Amino acid sequence: MKNDLITPEEAIKQGLLDINEAINYKLIDADKALKEGLIDLDSVIREKAISPEDAISKGFISIAAAIGRGFISLEQAIQQKLISVEDAISQGLISVRDAVKKGFITIESAIKNGLISPENAIKEGLLSPINALKLNLISLSFAIDKGYITNLNAIKAGFIKPEEAIKQGLLSVKDAIM
């Protein structure tokens, strides 16, 4: 009788060797087992043969799927730089509002990166019209036209000098004295 040797992969396929033991004893690499369909990703991660981060970076699973299946939290993915905040927002994994509230991004940065318009940031209460004006994210005429600020408030906040407001007809001399 001839003693034919078989590979760990064949032994696993024939049910002679448990896949988890083969991985634990380093008879087969977890990556190879996944690629060959000998084990499912959930099992590999559950057995800690591969970390969720490695599974993501090696392309076995997308970040969205890993988050959806509870392998990793979005916060962990962002902190470990597996995904940028901008990409997480673009992919719908987190809203601008939540990203700002959790301190992942400033509203100014979100606006400058085109993730939200100044107008929507104001409407959602993430940015005050006064701060939008101070940061030059919106123009004074836009803020006045949209009703975000009145002429009088613009003058009081120092965006328009009273003399200019009178010249432009935005303020009467009577109102300026009061």
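## Asp42 and its partner

Asp42 is partly exposed, with 29% relative accessible area. This is a predicted model, and in it the side chain of Asp42 meets that of Arg69 in a salt bridge, at 2.3 Å from N to O. Asp42 sits in helix α4 (residues 41-46) and Arg69 in the loop between α6 (63-68) and α7 (74-79), so this pair ties together parts 27 residues apart in sequence. Arg69 is partly exposed too, at 46%.

## Other salt bridges

Searching the whole structure turns up 6 salt bridges. One of them joins Lys32 and Glu9, at 2.8 Å from N to O. Lys32 belongs to helix α3 and Glu9 to helix α1 (residues 8-13), so the link spans 23 residues of sequence. Glu9 is buried at 10% relative accessible area, while Lys32 is partly exposed at 37%.

Lys102 also pairs with Glu75, with the closest N and O atoms 2.5 Å apart. Here a loop between α9 (96-101) and α10 (107-112) is tied to helix α7, so parts 27 residues apart in sequence are connected. Then there's a network: salt bridges with shared partners join Glu119, Lys123 and Lys146.

## Inside the fold

The largest nonpolar core has 51 residues, and Ile116 is one of those with the most contacts inside it. Not counting residues up to four places away in sequence, Ile116 touches Val96, Ile107 and Leu126, among others.

Asp31, in helix α3 (residues 30-35), counts as buried at 15% relative accessibility. Beyond neighbours within four places in sequence, Asp31 contacts Ile50, Lys58 and Phe60.

## One aromatic pair

The whole structure has 1 aromatic pair. The ring centres of Phe142 and Tyr148 are 6.2 Å apart and their planes at 55°, so the pair is tilted.

How values were computed
Residues are numbered from 1 along each chain as its sequence is written. This is a predicted model: local features need pLDDT of at least 70, side-chain atom pairs count only at pLDDT 80 or more; totals for chains, interfaces and linings use all residues. Side-chain values use heavy atoms; hydrogens and water are left out. Rings of Phe, Tyr and Trp (its six-membered ring) pair if their centres lie within 6.5 Å; planes under 30 degrees apart count as stacked, over 60 as edge-to-face and the rest as tilted. Helices (H or I, at least four residues) and strands (E, at least two) are DSSP runs, numbered from the N terminus. Buried means under 20% relative accessible area, exposed over 50%, partly exposed in between (1.4 Å probe, protein chains only). Contact means heavy atoms within 4.5 Å. A nonpolar core is a set of buried Ala, Val, Leu, Ile, Met, Phe, Trp, Tyr and Cys residues joined through side-chain atoms within 4.5 Å. A salt bridge is a side-chain nitrogen of Lys or Arg within 4 Å of a carboxyl oxygen of Asp or Glu.
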